[in-house]
Amino acid sequence: TLTLASLASLAAGIMLAGSAFAADPITIKFSHVVAENTPKGQMAEKFKELVEKSSVGDQVEVEIYPNSQLYGDDQVLEAMLLGDVQLAAPALSKFQKYTDQLQVFDLPFLFEDMAAVERFQNSATGKQLLTSLQDKGLVGLGYLHNGMKQLSASEPLRVPEDAAGKKFRIMTSDVLDAQFEAVDAAPLKKPFSEVFILLQTGAIDGQENTYSNIYSQKFYEVQPYITESNHGLLDYMVVSSARFWNGLPDDVRPVVEEALQKAIAYGNAISAQENKEAKQAIVDSGKSEIIELTPEQRQQWVDAMKPVWKEFADEIGQDVIDAAQAANK
Ligand code: LMR
C-alpha cells in the first residue's frame, strides 16, 4: 500500500531521475579546416562514431565542423582557450605562437619518410613535445598524420631557381618562411581557406601541401604543375584545452580518450592510402602534371633549403633536431 511518505519519496525519486535525464549533454565541438575526405576529416568522423557507440554515447555529443566552417586555424586555439571549441588538430606548423619547439617538424628535408616521422613522434622527445603547450593551457592528445608535402605552381619547378621570385602561400611558420626565402621566393602566410582563390586569381603562384589537400581543395585544377618534392611534413597535433579536458567527469574522460586514440590510429593508418588515391585522382584528371625530380635536381633543393636548420637551431633546440634526425636510421 502506498503511504503519503512513500508517495512523496517516489515523487522525489522521479524528479531526481528527471533532472539527471535533463542534464545537458557534454558537447565536444571539433573544428577543422580540411575536407571530410582527408585523413583528418575521416579521423574526426571516426571519433564521433566511436563516442556515439561507447558507454558515454548518451552523455557526450560530438559536433564536427570541417572546411573552416567554424574557425580557421588562426583563431581556433584562442577559441579553444575561451571554451568555444573543445577539439582541434591544427598542423604542427601553426603552433608557433605557443611554442618554438614544434617548429622542428617544419625543417625541410628532415624526415626521410613517414616511418621516420612515426619513430620520432613515439620517441621520448616526441612524447615530450606533446606536452609543450601545457603552460599555455592546451593538452596535446596525440599526433595525427597527413603526409609529405609537394610543391604546386603555375609553372614547372625542377630546380630551386625555378621558384625564385614566385609567391608561395605558406602556413603561419617562420621556418616555412625561411625555407622559401632560401630559394629566393616570396612566401606569404595565408589561411588555408583562402588558398584556392589566391591561386585561381593568380595572386600567388604556388603553394606546398599534401596530395590529399591538393586534391580535396581542388588546387590541382588551378595549378598546372606539381613537383613531387616530399620536402617537408604536414602532420597535426590533436589538442584540447586543459580546462575542458581535465574537467571532464572521471568516468567519462577515459572513454572519450580511448575513442580519440582509436580514431587517431585509424587516421594514421589511412593517411598514406588517402594521399596515394588523391595523387592518382589528380593524374587521372589530366589537369596537373606531376613532375618527378632526378636525384641531382632533388639534391639542389636539399642544398638550398637545408641551411634553414641552422637558423632555427637555438629556437627549436639542437637536441630536439638531433633526436628527429636520429629517427631516420
Ligand atoms: C594548411 O593550412 O595548408 C594545412 O594546415 C591544412 C590542413 O589542416 O591540412
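Strand β8 is largely enclosed by the rest of the structure, because 14 of its 17 residues are buried, a residue being termed buried when 20 or more other C-beta atoms, placed from the backbone, lie within 10 Å of its own, exposed when 12 or fewer do, and partly exposed in between. The model is a predicted one, in which local features need pLDDT of at least 70 and side-chain atom pairs count only at pLDDT 80 or more, whereas totals for chains, interfaces and linings use all residues. Residues are numbered from 1 along each chain as its sequence is written.

Strand β8 comprises residues 225-241, where strands (E, at least two residues) and helices (H or I, at least four residues) are DSSP runs numbered from the N terminus. Pairing of two strands requires that DSSP find at least two bridges between them. By this criterion β8 runs antiparallel to strand β4 (residues 138-153), to which 13 bridges join it, and Y143 stands opposite M237 of β8 in this arrangement. Strand β8 also runs parallel to strand β9 (residues 289-292), with four bridges joining the two, and here I226 stands opposite I290 in β9. Within β8, N230 is partly exposed, since 19 other C-beta atoms lie within 10 Å, and this residue, although not a glycine, has a positive phi of about 45°.

A second residue with positive phi is S68, which is likewise not a glycine and has a value near 55°. S68 is located in the loop between β2 and α3 (76-81), and it counts as partly exposed because it has 19 C-beta neighbours inside 10 Å. Most residues other than glycine have a negative phi.

Strand β1 (residues 26-31) runs parallel to strand β2 (residues 60-65), to which six bridges join it, and I28 stands opposite V62 in β2. Together with helix α2 (residues 39-53), β1 and β2 make a β-α-β unit that is right-handed, meaning that, with the strands pointing away from the viewer, the path from the first strand over the helix to the second runs clockwise.

When neighbours within four places in sequence are left aside, V238 is in contact (C-beta atoms, placed from the backbone, within 7 Å) with L87, A89, L141, G142, L144, L260 and I264.

For the chain as a whole, 14 helices and nine strands are found, and the C-alpha trace spans about 95 × 45 × 30 Å along its principal axes. Buried residues make up 41% of the 329 residues, and of the contacts with a separation of 6 or more, 79% are accounted for by residues 24 or more positions apart.

Conventions
Contact = placed C-beta atoms within 7 Å.
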